[in-house]
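Hi there,

Here is the structure I promised to pass on to you. Have a look at it first, and then read on for my notes.

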Amino acid sequence: MSGGETEGETLEYTPTWIVAAVCTVIVAISLALERLLHYGGKYLKKKNQKPLFEALQKIKEELMLLGFISLLLTVFQNVISKICVAHQVMEHLLPCKLPSEEEAAKPTSHFGRRKLFAEESFEMQIGYCAKKHKVPLLSVEALHHLHIFIFVLAIVHVTFCVLTVVFGGMKIRQWKSWEDSIAKENYDSEQVLKKKKKVTHVNQHAFIKAHFLGMGKNSAFLGWVDSFVKQFYASVTKSDYVTLRLGFITTHCRGNPKFNFHKYMIRALEDDFKKVVGISWYLWIFVVIFLLMNINGWHTYFWIAFAPFVLLLAVGTKLEHIITQLAHEVAEKHIAIEGDLVVQPSDDHFWFGKPKIVLFLIHFILFQNAFEIAFFFWIWLQYGFDSCIMGQVRYIVPRLIIGVFIQVLCSYSTLPLYAIVAQMGTNFKAAIFNEHVQVGLVGWAQKVKKKKSLEAANDASGSGSGSGQGQASSHGGGLASNMGIQLGKFINKATKQEETKQEETK
């Protein structure tokens, strides 16, 4: 027993009932959480919510990663704490200014608490580092605090992503009434014929009035200003929804004018959610960079709060401006239009011609905002509100206001905007097919792939006359169309994912 070196007794001298009771509580909480996730997955499967089920699987992966990080920190904490360095190394790049001798002597101050923690942890390495006249690189107490911070960060990020999608989904579901009203109009054949024959001046359309005849008609700068302002009060109107819906259906589903665009949009958003809920490697790099730059006097935690704020405003403005660009394209090409107003979706309207960049930025914004909030609560609970890391009140209040603003704006404006504007790219998404059709297409593609491999084998053995005909038929006129090309891309991607899953299960 090392009575003088540790604060309490080891397991050798701890009553068995205490060990059993603590293990029971920990195991019970872990099993309850595991069962909760399990039944949540069964419920989502029962409701045919495959994208949300995959998002839940992503959350499980994050929890597993956290468990692995926790295991590494626990196993190697004694090894890390025995890495000794000179005193001078620990005096630079500190998040808090080193206390003077008078401040350190006060037991009630924050520095007194830090000194107490340091003394307790230092006693564990006193027989190792102190004999070398050095100090530990990272104390056991500091490792424990870092462990808690990583856990809090992951939990807050997942929670914020779920809240964003839930509240954003509520906003998007309000558009269902618009979809239902359009469906009723399409069932009235007489009204449909009248619309097709009716010739209307382009400036009489509500969509053109809202996005072309306004303040940005003759000035590109004022157009951007108008897009910036609209994201706060009228991000998506009924005329926007009707026009963008018709543009998508005309481009990708011309043979199905009664296509339920609202259901497709919800499925596409759910597919994107499973990508946003995870913590990617580049986000962990951001965490490490922030921890490196959190130096006393720099107020890094304050300035970095403006990054997601500015990015969110830029994303919202860009999405609004894409709608404006679609209106300008139609208004500048036509004077009068026969039938409904139709816009032309294109990747050219997005940054660098890639709609996925918008999703990447939303992912980064949500993570960085969650990081700010998680860091605040971690410091508050771990060190107290008066901690030197927390900073002054004039830096704390703006951070919290910005965090709440980002969460509200992203949920009720930016995410709904993204859900509909993201469909204005050149290609449609896999969500255009329901789950059963996707499974059928993947199965069909795998059969075709096997058939081609058999034909190639036969060709190699000298009986390749039939394989040439098969290849000629496989490259028929269907793939010549834009729809066929997109369908081929989707099938190839889905087949690769299915093969990867099969290899993992083997």
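Helices α15 and α16 run roughly antiparallel to each other, because their axes cross at roughly 150° and angles over 145 degrees count as roughly antiparallel. Before I go further, please keep in mind that this is a predicted model. Helix α15 covers residues 306–333 and helix α16 covers residues 356–383, and their axes come within 9 Å. The crossing of this pair is left-handed. On the α15 side, the contact is made by A307, P308, L311, L312, V315 and L319. On the α16 side, V358, L361, I362, F364, I365, Q368 and N369 take part. Sorted by class, the contact of α15 with α16 holds 11 nonpolar and 2 polar residues, with no charged ones.

Some of this can be set beside the record. The unreviewed UniProt entry carries the annotation "transmembrane region" for residues 17–37, 63–80, 146–167, 276–295, 301–319, 357–380 and 400–421. I looked at two of these stretches in the model. Over residues 301–319 the chain is 89% helix and 0% strand, with the end C-alpha atoms 29 Å apart. Over residues 400–421 the chain is 100% helix and 0% strand, and there the end C-alpha atoms are 30 Å apart.

One more residue of α15 is worth a look. T324 sits in this helix and counts as buried, because its relative accessibility is 9% and the cut-off for buried is under 20%. Apart from its neighbours within four places in sequence, T324 is in contact with H211 and S227.

Next, helix α12, which has two packing partners to report. Two packed helices are described by the angle between their axes and the distance between the axes.

The partner α17 spans residues 393–421, and its axis comes within 9 Å of the axis of α12, crossing at roughly 115°. That makes α12 roughly perpendicular to α17. This crossing is right-handed. F261, M265, L269 and D272 of α12 meet L415, Y418, A419 and I420 of α17. By class, the contact of α12 with α17 comes to 7 nonpolar residues, no polar ones and 1 charged.

The other partner is α11, residues 238–252, which packs against α12 at an angle of about 85° with the axes 11 Å apart. These two helices are therefore roughly perpendicular as well. Here Y241, R245 and F248 of α11 meet F261, H262, Y264 and M265 of α12. The contact of α11 with α12 divides into 5 nonpolar residues, 1 polar and 1 charged. F261 and M265 are listed in the contact with α11 and also in the contact with α17.

What does L269 touch, once neighbours within four places in sequence are left aside? Its contacts are I172, L415 and A419. L269 lies in α12, residues 261–276, and counts as buried at 8% relative accessibility. The C-alpha atoms of L269 and I420 are 9.2 Å from each other, although 151 residues separate the two along the chain.

Not counting residues up to four places away, V287 touches F149, L153, F367 and F371. V287 and I150 are 137 residues apart in sequence, and their C-alpha atoms are 9.4 Å apart in space.

For contrast, is F352 buried or exposed? F352 is exposed, with a relative accessible area of 75%. It lies in the loop between β4 (336–338) and α16.

Finally, some totals for the chain. There are 20 helices and 4 strands. Of the 506 residues, 38% count as buried. Among contacts between residues at least 6 apart in sequence, 79% join residues at least 24 apart.

Best wishes

Methods
Residues numbered from 1 in each chain as written. Predicted model: local features only at pLDDT ≥ 70, side-chain atom pairs only at ≥ 80, totals over all residues. Heavy atoms only, no water. Axes fitted to C-alpha atoms, helices over the stretch in contact; angles between N-to-C directions. Parallel < 35°, antiparallel > 145°, perpendicular 65-115°, else oblique. Left-handed = near helix turned anticlockwise from the far one by under 90°. Contact = heavy atoms within 4.5 Å. Nonpolar A, V, L, I, M, F, W, Y, C, P; charged D, E, K, R; others polar. UniProt positions renumbered as here; feature names shortened; annotations may be inferred. Buried < 20%, exposed > 50% of the residue type's maximum accessible area, 1.4 Å probe, protein only.
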